[in-house]
Amino acid sequence: MTPTSENNQLPTLTQEATELLKKLIATSSFSREENNTARHLEEFLQKKDIPFHRKQNNVWALNRHFDAAKPTLLLNSHHDTVKPNKSWTLDPFEPLVRDGKLFGLGSNDAGGCLVSLIATFCHFYERTDMAYNIALVASAEEEISGKQGLEIVVPDLPPIEFAIVGEPTEMHLAVAEKGLLVLDCTAKGKSGHAARDEGENALYKAIKDIEWITGYRFPKVSPTLGPIKMSVTMINAGTQHNVVPDTCTFTVDVRVTEQYTLEEVVDIVQANIQSEVDARSVRLRPSSIPTDHAIVQAGVRLGRNTYGSPTTSDQALLDCPSLKMGPGDSGRSHTADEFIYLQEIEAGIAQYVRMLEEIV
């Protein structure tokens with residue numbers, strides 16, 4: 001495609017994407033409650049005469065001239081949102097345009113990314129000359145790392161050679177992403193009267209374990225993502241002031257790099273603390289894509305920077321190389337009066353298209 005024809009299509013793609021985003025904003029889509037936004041996505045694809053599939057609240061489609069002999073790339077972002085916090089001054093479900101900004105819940109995370117990827121998919125949908133197939137997935141339950149989101153769709157897709165996952169990165173290239181491990185730890189003691197020298201205080205045992213967690217440094221450090229980070233985020237002990245607690249529970253948020261498996265991290269922690277350690281899940285793995293991959297180099301040639309992301313996305317559920325990239329700013333995610341610049345959507349579509357033109 002020539003730059004002229006691309007430029008001619010861009011205004012239409014941007015307008016369609018923006019109108020779709022307004023519909024998504026106006027429709028509540030908290031995690032596990034995305035039924036109505038899934039319906040909007042179905043209606044959009046129907047109007048485009050694009051066959052689609054749906055499982056639970058996930059909606060996906062393949063390019064018209066899909067060829068099983070060709071490799072497939074995945075375009076993915078999510079349509080669920082967190083709940084609005086109490087600091088909102090605007091109606092989170094009213095898509096308000098002001099000063100070049102589109103306000104509304106999910107506008108930045110990740111509605112702008114999703115509609116930009118949908119527009120990109122539509123741009124390539126009819127092409128017969130592509131070296132790749134393109135799969136589009138609008139997934140559910142991303143914000144809660146739920147088990148009824150992208151994870152249940154992947155087995156129904158053709159094998160994916162690489163993926164672009166839409167999250168707000170200002171269209172820079174997150175070539176690696178930390179995995180997430182949540183540890184529920186339980187220190188056990190023996191109850192007694194606080195006025196006498198009785199019992200074994202589980203809280204004191206937990207404090208010793210927490211001191212080890214806060215001071216420990218994993219020897220292997222990722223060249224892209226840096227060190228593993230462990231943070232104790234919750235603690236609970238005791239029933240009343242004069243009883244020595246026999247149990248203390250605390251939770252550890254661990255951001256894992258590719259230098260260790262999640263199972264290895266669990267084993268290391270358990271070997272060094274007294275408390276019992278229970279991992280909620282080992283599903284959310286670190287993810288990455290080689291910096292010399294063609295899609296990354298296409299972005300670099302457009303002046304985009306590469307970096308490692310500390311936050312987790314649906315990348316964690318993919319076994320293929322994946323690049324996290326999308327319009328918007330991660331710093332606006334989950335904030336009151338969330339917004340995305342309209343220009344960011346237009347620029348996002350243009351960059352997605354230009355990068356993929358070099359690949360497909």
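Predicted model: local features only at pLDDT ≥ 70, side-chain atom pairs only at ≥ 80, totals over all residues.

**Salt bridges**

Me: What makes Glu357 and Arg127 a salt bridge?

Reply: Their side chains meet at 3.2 Å, N to O. A salt bridge requires a side-chain nitrogen of Lys or Arg within 4 Å of a carboxyl oxygen of Asp or Glu, so this pair qualifies. Glu357 belongs to helix α8 (residues 342-359) and Arg127 to the loop between α3 and β6, so the contact ties together parts 230 residues apart in sequence. Helices (H or I, at least four residues) and strands (E, at least two) are DSSP runs, numbered from the N terminus.

Me: Why is Arg127 called buried?

Reply: Its relative accessible area is 18%. Buried means under 20%, exposed over 50% and partly exposed in between (1.4 Å probe, protein chains only), so Arg127 counts as buried.

Me: How many salt bridges does the rule give?

Reply: The count comes to 18. One of them joins Glu126 and Arg64, at 3.0 Å from N to O. That pair links distant parts of the chain: Glu126 is in the loop between α3 (107-124) and β6 (133-139), and Arg64 is in the loop between β2 (58-62) and β3, 62 residues apart. Glu126 is partly exposed because its relative accessibility is 45%, and Arg64 is partly exposed at 36%.

Me: What makes Arg255 and Asp253 a salt bridge?

Reply: Their closest N and O atoms are 2.8 Å apart. At 17% relative accessibility Asp253 is buried, whereas Arg255, with 22%, is partly exposed. In another place, salt bridges with shared partners join Asp49, Arg64 and Glu126 into one network.

**Helices and sheet**

Me: Why is α3 called oblique to α8?

Reply: The two helices pack at about 45°, with their axes 9 Å apart. Angles under 35 degrees count as roughly parallel, over 145 as roughly antiparallel, 65 to 115 as roughly perpendicular and the rest as oblique, so α3 is oblique to α8. Axes are lines fitted to C-alpha atoms, for helices over the stretch in contact, and angles run from 0 to 180 degrees between N-to-C directions.

Me: Which residues make the contact between α3 and α8?

Reply: Among them are Cys113, Leu117 and Phe124 of α3, and Ile345, Tyr352 and Glu357 of α8. Contact means heavy atoms within 4.5 Å.

Me: How do you know that β4 and β18 are edge strands?

Reply: The open sheet has three strands in the order β4-β5-β18, with antiparallel pairing. β4 (96-98) and β18 (339-341) each pair on one side only. Two strands pair if DSSP finds at least two bridges between them. Strand β5 (residues 101-103) and β18 have three, so they count as paired. Lys101 stands opposite Tyr341 in β18.

Me: Where does α8 lie on these strands?

Reply: α8 lies across β4, β5 and β18, at about 60° to β18.

Me: Why is strand β7 said to be largely enclosed?

Reply: Five of the six residues of β7 (residues 160-165) are buried, so the rest of the structure largely encloses this strand.

Me: What makes Arg32 and Asp99 worth a look?

Reply: Most residues other than glycine have a negative phi, and most peptide bonds are trans. Arg32 has a positive phi of about 75°, and Asp99 has one near 55°. Arg32 is in the loop between α1 (3-25) and α2 (35-47), while Asp99 is in the loop between β4 and β5. Arg32 is exposed at 58% relative accessible area, and Asp99 is exposed at 68%.

Me: Which peptide bond is cis?

Reply: The bond from Asp109 to Ala110 is cis, with omega near -5°. Ala110 lies in helix α3.

How values were computed. Residues numbered from 1 in each chain as written. Heavy atoms only, no water.
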